[in-house]
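This briefing goes through one protein chain by topic. Please keep the sequence and the coordinates at hand while reading.

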Amino acid sequence: MENPNLKRLRRTMMFLNAQKPGLIKDPHVYKPDSIMLDLEDAVAENQKDVARFSLYHALTTIDYQGVERVVRINGLDTPHWQEDVRVSVAAGCDSIRIPKVESAKDVHIIEEAVLKAEKEFDRPEGSTLLMAAIESTMGVMNVFEICKSSERLFGIALSGGDYTKDLQTSISGTGVELAGARQQLIIAARAAGVMCFDTVFTNLDDMEVFEHEVKIARMMGFDGKSIVNPRQIETVHRIFTPSEKEIIFAEKVVTEIDEKKAQGIGVFTVDGKMVDIAFYPGAKRVIEMAKAAGVYEGDL
């Protein structure tokens, strides 16, 4: 049976410096879907042990009230990742984000370390999920094999800053430099049956551009967006949650297809739009997302 946590609602994943108690003690009050406790870029090289201590204390003492707890470990090219994995698993995190993934082998290495830690700390085998951050051109080229690398892997995420450096350009705000990677990640994720998350938007003073970028991400097919500040949560949740209009149309599609299928009718119209059986999975997905977001109480 598929782990239901592989498909949970993940519209927002908020980055937090794991070293700072003031940041990680109560982020659940802002109601993100997931929090990303960061041991990597946010933590100075000589503060990694301090951050791991803070992380362990937080995960073992704080009730995050159902918010998913993801830990971003340090990369495989550092001396820190092994202890990061051990502490994260020992503390009972929900998932580990692997940075700078360029091949399925990178995922396999972390998967083996996670399994070893689950056994060491008597955690249920398979309870620690994985996600892969795609941060380079090589990662983009190998993204489908990365998506298929592990049953623990629930999704992939684009890291735009590092990717554009590797592309020998920079973040422009137009999205042009990220368009190819975004589309390739979405295609690979959908083909492999995993989730896909858009990169962060760091200019907190330009919420108008941020909202436009979130709308584009949803239109492209992303499941959610990485964020850096609680101010961004409302915008992302509003855009990634089905609207009343979308829910009503989905209800009609599901009901009509169920009825027409029994009558042997394959093509018909709903609100003036031609509909056939191919619309069914999408309509069901809208209803499932609305239920998960708490905006639908119907019986479909």
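The model is predicted: local features need pLDDT of at least 70, side-chain atom pairs count only at pLDDT 80 or more, and totals for chains, interfaces and linings use all residues. Residues are numbered from 1 along each chain as its sequence is written, and side-chain values use heavy atoms, with hydrogens and water left out. The chain is assigned domain 1 (12-240) and domain 2 (244-293).

**Domains and annotated span**

- The bounds of domain 1 and domain 2 come from an automatic or database domain assignment.
- Taken over C-alpha atoms, the centres of domain 1 and domain 2 are 33 Å apart.
- An unreviewed UniProt entry annotates residues 11-230 as "domain: HpcH/HpaI aldolase/citrate lyase"; UniProt positions are given in the numbering used here, feature names are shortened, and annotations may be inferred rather than shown by experiment.
- Helices (H or I, at least four residues) and strands (E, at least two) are DSSP runs, numbered from the N terminus.

**Nonpolar cores**

- A nonpolar core is a set of buried Ala, Val, Leu, Ile, Met, Phe, Trp, Tyr and Cys residues joined through side-chain atoms within 4.5 Å; buried means under 20% relative accessible area, exposed over 50%, and partly exposed in between (1.4 Å probe, protein chains only).
- The largest nonpolar core has 60 residues, and L37, V85 and I156 touch the most other members.
- Helix 8 (residues 179-192) supplies the largest share of this core, with six residues.
- Apart from this core lies another of 12 residues, including I247, A250, A283 and A290.
- Not counting residues up to four places away in sequence, I156 touches A132, I134, V143, I146, C147, L185, A189, M195, C196 and F197, where contact means heavy atoms within 4.5 Å.
- In soluble globular proteins, nonpolar side chains tend to be buried together.

**Binding site annotation at E135 and D162**

- UniProt, in an unreviewed entry, places a "binding site" feature at E135 and D162.
- The two positions are spread over 28 residues of sequence but cluster in space, with a largest C-alpha distance of 5.4 Å.
- From this set, D162 is in the lining of the second largest pocket. On a 1 Å grid over the protein atoms alone, a pocket is an open set of points where a 1.4 Å probe fits, with protein on both sides within 12 Å along at least five of seven lines; lining residues have an atom within 4 Å of a point.
- E135 sits in the loop between strand 5 (129-134) and helix 5 (137-141), and counts as buried because its relative accessibility is 4%.
- Beyond its neighbours within four places in sequence, E135 contacts P99, K100, S159, D162 and Y163.
- A polar atom of the E135 side chain lies 2.9 Å from the backbone nitrogen of K100.
- D162 belongs to helix 7 (residues 160-166) and, at 26% relative accessibility, counts as partly exposed.
- With neighbours within four places in sequence left aside, D162 contacts D41 and E135.

**Binding site annotation at R72 and E135**

- Another "binding site" annotation from UniProt (unreviewed entry) covers R72 and E135.
- R72 is placed in strand 3 and is buried, with a relative accessible area of 7%.
- Leaving aside neighbours within four places in sequence, R72 contacts F15, M36, L37, D38, L39, E40, D41 and R97.
- The side chains of R72 and D38 are joined by a polar contact of 2.7 Å. A polar contact is a pair of N or O atoms within 3.5 Å; within protein, one must be able to donate a hydrogen and the other to accept it, and residues adjacent in sequence count only if both atoms are side-chain atoms.

**Helix 3**

- Helix 3 (residues 81-91) is largely enclosed by the rest of the structure because eight of its 11 residues are buried.
- The buried residues in helix 3 are W81, D84, V85, V87, S88, V89, A90 and A91.
- They pack against helix 2 (48-61), strand 3 (68-72), strand 4 (95-98) and helix 4 (104-120).
- G92 follows helix 3 and has a positive phi, near 85°.

**T202**

- T202 lies in the loop between strand 7 (195-198) and helix 9 (207-220) and counts as exposed at 60% relative accessibility.
- The C-alpha atoms of T202 and N229 are separated by 8.6 Å, with the two residues 27 apart along the chain.
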